[in-house]
Amino acid sequence: MRTTSGRFRALSSPRSDEEWVFVSLPAPDEDPDAHEYEPTFVAGSDALADVEPGALVSATLDWEASPPTVSELEVERATRYRFVPETTNLFEAAQDAWAEAVTGGSGMNSTVLRNTDGEETGVCYVFGDRGGELFAEFERGTRPIEPLVLRVNRTRDDDGTARSVFVLDPVGDPFVAVAVAFDREGLLARTMRDTYLDD
């Protein structure tokens with residue numbers, strides 16, 4: 001049996017409900033900016049029955065079949081990823097971040113998100129997308145979001161708290177927003193779900 005083991009971001013596949021996209025992640029002591037984030041389509045199986053898209057997992061892939069299957073899996077952090085196409089009513093902080101990027105002649109920008117008490121609750125990144133393909137590349141895993149999320153994980157001392165990541169493609173705007181809520185069950189994540197999702 002030909003198998004490989006590693007750490008992966010488990011994402012739902014944009015092309016079929018019967019498969020997943022596993023994006024390879026660096027080891028804990030590896031530089032996240034130097035890692036090659038390779039996406040692999042993986043067949044759905046019982047091992048993935050309780051996994052939510054976006055979870056950081058340790059897994060063993062069995063390559064005897066195509067696509068490969070998961071023979072062993074452990075969830076390290078139950079982060080949740082949501083991809084929202086044709087987003088309307090994009091939140092003001094993301095709009096302001098993009099306006100600053102345009103003013104500065106930059107193709108990207110970021111801003112810290114805070115609650116009404118001034119406490120940091122997340123971070124938002126905006127990326128120019130004049131070609132209109134960036135959202136799809138994020139969804140397929142061919143353009144990695146992972147360095148952004150891993151940077152959050154490594155800079156916050158919060159005992160492995162699960163994140164909630166929202167990738168938003170605003171209607172009529174030439175950019176994509178990626179919002180990382182520090183706490184999956186926190187107010188920011190709940191507000192984002194209520195605003196942009198049906199659940």
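A residue counts as buried when its relative accessible area is under 20%, and in this predicted model R80, with a relative accessible area of 15%, is therefore buried. The side chain of R80 takes part in a salt bridge with E52, in which the closest N and O atoms are 3.6 Å apart. This pair links distant parts of the chain, since E52 belongs to the loop between β3 (39-43) and β4 whereas R80 belongs to strand β6, the two residues being 28 residues apart. E52 itself, at 33% relative accessibility, is classed as partly exposed.

A salt bridge is also formed between E52 and R184, with an N to O distance of 2.4 Å. Because R184 is placed in the loop between β10 (175-181) and α4, and E52 in the loop between β3 and β4, this contact ties together parts of the chain that are 132 residues apart in sequence. R184 has a relative accessibility of 16% and therefore counts as buried. Together with E185, the residues E52, R80 and R184 are linked in a network of salt bridges.

A polar atom of the R193 side chain does, however, lie 3.1 Å from the backbone oxygen of R184.

Over the whole structure, a search finds eleven salt bridges. One of the pairs is formed by the side chains of E76 and R7, which meet at an N to O distance of 3.1 Å. As E76 lies in strand β5 and R7 in strand β1 (residues 3-12), the pair ties together parts that are 69 residues apart in sequence. With a relative accessibility of 38%, E76 is partly exposed, whereas R7 is buried, its relative accessible area being 18%.

Helix α4 also contributes to the largest pocket. This pocket holds about 270 Å³ of space, and of the 14 residues that line it, those closest to its centre are R114, T121, L187, L188 and T191. At least two lining residues are supplied by each of β7 (108-114) and α4 (187-196), and α4 gives the most to the lining, with six residues. By residue class, the lining divides into six nonpolar, six polar and two charged residues.

The peptide bond that joins S66 and P67 is cis, with omega at about 0°, and P67 is located in the loop between β4 (55-62) and β5 (69-77). Positive phi values occur at E86 and N89, neither of which is a glycine: phi is about 50° for E86 and near 55° for N89. E86 is part of strand β6 (residues 80-87), while N89 is placed in the loop between β6 and α1 (92-103). E86 is exposed, with a relative accessible area of 65%, and N89 is likewise exposed, with a relative accessible area of 66%.

Methods: Residues are numbered from 1 along each chain as its sequence is written. This is a predicted model: local features need pLDDT of at least 70, side-chain atom pairs count only at pLDDT 80 or more; totals for chains, interfaces and linings use all residues. Side-chain values use heavy atoms; hydrogens and water are left out. On a 1 Å grid over the protein atoms alone, a cavity is a set of points where a 1.4 Å probe fits but cannot get out, and a pocket is an open set with protein on both sides within 12 Å along at least five of seven lines; lining residues have an atom within 4 Å of a point. Grid points are joined across faces, edges and corners, and a volume is the space filled by probe spheres set on the points. Helices (H or I, at least four residues) and strands (E, at least two) are DSSP runs, numbered from the N terminus. Ala, Val, Leu, Ile, Met, Phe, Trp, Tyr, Cys and Pro count as nonpolar, Asp, Glu, Lys and Arg as charged, and the others, Gly among them, as polar. Buried means under 20% relative accessible area, exposed over 50%, partly exposed in between (1.4 Å probe, protein chains only). A polar contact is a pair of N or O atoms within 3.5 Å; within protein, one must be able to donate a hydrogen and the other to accept it, and residues adjacent in sequence count only if both atoms are side-chain atoms. A salt bridge is a side-chain nitrogen of Lys or Arg within 4 Å of a carboxyl oxygen of Asp or Glu.
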